[in-house]
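Please have the sequence and the structure open side by side while reading. The paragraphs below go through the sheet, the metal site and a few single residues in turn.

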Amino acid sequence: MHELSIVTSIIGIVRENMALHGVGRLKKIKIQVGEMTAVEPEALRFCFGICAEGTDMEGAILDIEEVPVIGQCVHCKKEFTLDRYSDSRCPECGGEAGNYVSGTELDIISMEVE
Ligand SMILES: [Zn+2]
């Protein structure tokens, strides 16, 4: 399961940070997930709940911010939002998105601890 390996790596990073700063309990963690990663926020929360159970992260809130996919047109360089369920084209000239400006994120933004 895709989400489980993501949660495992997130927990690893969080644990390292907690140890580094000598904090005992995680209250909330905020992450940014680009739509292009094809990660289901619900599945992510579910996996996090299971992995955090019985640890110093139990009960922590996983706050997921979804980032839409923004592509840049190969022709006119206009940036536009791509719908992940359809073949989105540039609204100006109908061109394809050449490169992606955002939507591939999978980052920890902030942590709240006690
Ligand atoms: Zn265009």
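Two strands are said to pair if DSSP finds at least two bridges between them. Strands (E, at least two residues) and helices (H or I, at least four) are DSSP runs, numbered from the N terminus. This is a predicted model, in which local features need pLDDT of at least 70 and side-chain atom pairs count only at pLDDT 80 or more, while totals for chains, interfaces and linings use all residues. Residues are numbered from 1 along each chain as its sequence is written, and side-chain values use heavy atoms, with hydrogens and water left out.

Strand β3 covers residues 69-73 and strand β4 covers residues 79-82; the two run antiparallel and are joined by four bridges. One of the bridge pairs is V69 with L82 in β4. The two strands form a hairpin with five residues between them. K77, in the loop between β3 and β4, has a positive phi near 70° and is not a glycine. Most residues other than glycine have a negative phi. K77 is exposed, with a relative accessible area of 51%. For accessibility, buried means under 20% relative accessible area, exposed means over 50%, and partly exposed lies in between (1.4 Å probe, protein chains only).

On this scale β3 is mostly covered, as four of its five residues are buried. β3 also pairs with strand β5, residues 97-102, in the antiparallel sense over four bridges. Here C73 stands opposite A97.

C73 also takes part in the metal site. Which protein atoms are the donors of the zinc ion? They are the SG atoms of C73, C76, C90 and C93, lying 2.3 Å from the ion. Donors are N, O and S atoms within 2.8 Å of the metal (3.2 Å for Na, K and Ca); water is not among the atoms, so sites may look incomplete. The four donor atoms subtend angles of 101 to 118° around the zinc ion, and the arrangement is therefore tetrahedral. Four donors count as tetrahedral if all angles lie between 85 and 135 degrees; four count as square planar and six as octahedral if opposite donors are over 155 degrees apart and all others between 65 and 115, and anything else is irregular. Along the sequence, the donor residues are spaced C-x2-C-x13-C-x2-C. C73 belongs to strand β3 and C90 to the loop between β4 and β5, so this pair ties together parts that are 17 residues apart in sequence. Both C73 and C90 are buried.

S102 lies in strand β5 and is buried, with a relative accessible area of 13%. A polar atom of the S102 side chain lies 3.1 Å from the backbone oxygen of P68. A polar contact is a pair of N or O atoms within 3.5 Å; within protein, one must be able to donate a hydrogen and the other to accept it, and residues adjacent in sequence count only if both atoms are side-chain atoms. Not counting residues up to four places away in sequence, S102 touches V67, P68, V69 and I70. Contact means heavy atoms within 4.5 Å.

Elsewhere there is an open sheet of three strands in the order β2-β1-β6, with mixed pairing. β2 (61-67) and β6 (106-113) stand at the edges, each with a single partner strand, so one side of each has no neighbour in the sheet. The twist averages 15° from one strand to the next. Seven bridges join β1 and β6 in the antiparallel sense, and the bridge partner of I31 in β6 is I108. I61, in β2, is in contact with K27, K28 and I29, leaving aside neighbours within four places in sequence.

Helix α1 (residues 2-21) lies across β1 and β6, running at about 45° to β6. α2 lies across β1 and β2, at about 160° to β2. Axes are lines fitted to C-alpha atoms, for helices over the stretch in contact, and angles run from 0 to 180 degrees between N-to-C directions.

The loop between β1 (26-34) and α2 (41-52) holds T37. Is T37 buried or exposed? T37 is buried, with a relative accessible area of 16%. A polar atom of its side chain lies 2.5 Å from the backbone oxygen of G34. Leaving aside neighbours within four places in sequence, T37 is in contact with H2, G103, T104, E105 and L106. A38 lies in the loop between β1 and α2 and is partly exposed, with a relative accessible area of 48%. A38 has a positive phi of about 60° although it is not a glycine.
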